[in-house]
Amino acid sequence: MNRSHTTRYRTVDLLVTVVIGVAFGVAFLGYGQLYPLIGPLTTAFKPAEGLLAGIWFLPAMLAALIVRKPGAALGAEMIAAVLSMLLGSQWGWGTAISGLMQGGGVELAFLLTRYRRFTLPVAILGGVLAAVLEWGYEKFAYYMEMSWSFSFMMLAFFLLSGAVLCGLLGWVATRALGATGALDAMPAGRDRQPVSST
């Protein structure tokens, strides 16, 4: 019940992956504006920026959990990142690099299970791996001057955000969509019956 039946993409799989990427690519423009809003907090304690990180990984997580095909997570995240960049993201080309890190981290978690398990622990692992890769990129791209003690504090916030706002939230959202019948055409739709999260 947690296994993907085939790695072959159907037209609907491709469409859902693209739709997730496009929807988040547009939404990310608004989400990026939260960073200035929490400016007073991050000015006082810069590592707190990591608290917002997990939402950026959501396209990859949703695509992985809904489509359940190799490459879906990375594909959706890259579509979201590149579209956001083209629409004027304040991070420019760095947005695309972040998409690669974030989508790659989520993809890796499901690759480790050979795309056979789509459970809450694997989703949380995906959020954590995406957080590690994104933190590594941002440390050397944006925070070279930050002390390592503060950098590791930021990593802790990244990990927490990745686990909760990407892993847990993505898994809950997928389950909620599945319960409505909206995912009946997708592999995730087969999990409408109660499933253990372990």
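For the charge count used here, Lys and Arg are positive and Asp and Glu are negative, while His and the chain ends are left out. Each charge is placed at NZ of Lys, CZ of Arg, CG of Asp or CD of Glu. On that basis the protein has 13 positive and 9 negative charges, and their mean positions are 14 Å apart.

This is a predicted model, in which local features need pLDDT of at least 70 and side-chain atom pairs count only at pLDDT 80 or more, while totals for chains, interfaces and linings use all residues. Residues are numbered from 1 along each chain as its sequence is written, and side-chain values use heavy atoms, without hydrogens and water.

**Overall build**

The protein has nine helices and zero strands. Helices here are DSSP runs of H or I with at least four residues, strands are runs of E with at least two, and both are numbered from the N terminus. The radius of gyration is 16 Å, close to the 16 Å that the globule rule gives for 198 residues, so the protein is as compact as a globular protein of that length. That radius is taken over C-alpha atoms, and the rule is 2.2 Å times the number of residues to the power 0.38. Along the principal axes, the C-alpha atoms fill a box of roughly 50 × 35 × 25 Å.

Buried residues make up 47% of the 198 residues. Buried means under 20% relative accessible area, exposed means over 50%, and partly exposed lies in between (1.4 Å probe, protein chains only). The protein exposes about 9400 Å², and carbon and sulfur atoms supply 72% of it. Such areas come from the Shrake-Rupley method with a 1.4 Å probe; for residues, only the protein chains shown count as cover.

A contact means heavy atoms within 4.5 Å. Take the contacts between residues at least 6 apart in sequence: 74% of them join residues at least 24 apart.

**Annotated spans**

An unreviewed UniProt entry gives "transmembrane region" for residues 12–31, 51–67, 79–98, 118–137 and 149–173. Positions follow the numbering used here, feature names are shortened, and annotations may be inferred rather than shown by experiment. Two of these spans are set out below.

**Helix H5 and the residue after it**

How many residues of helix H5 (residues 58–67) are buried? The count is 10 of the 10, so H5 is largely enclosed by the rest of the structure. Among them are Leu58, Pro59 and Met61. Their cover includes helix H1 (11–31), helix H7 (94–111) and helix H8 (120–141).

Arg68 follows H5. Arg68 sits in the loop between H5 and H6 and is buried, with a relative accessible area of 4%. Its phi is positive, about 60 degrees, although Arg68 is not a glycine.

Tyr115 lies in the loop between H7 and H8 and is buried at 11% relative accessibility.

Gln90 is in the loop between H6 and H7. Gln90 is partly exposed, at 45% relative accessible area. Not counting residues up to four places away in sequence, Gln90 touches Gly32 and Gln33. Gln90 and Ile66 are 24 residues apart in sequence and 30 Å apart in space, C-alpha to C-alpha.

Ser151 belongs to helix H9 (residues 148–180). Ser151 is buried at 1% relative accessibility. Leaving aside neighbours within four places in sequence, Ser151 contacts Trp135, Lys139 and Met146.
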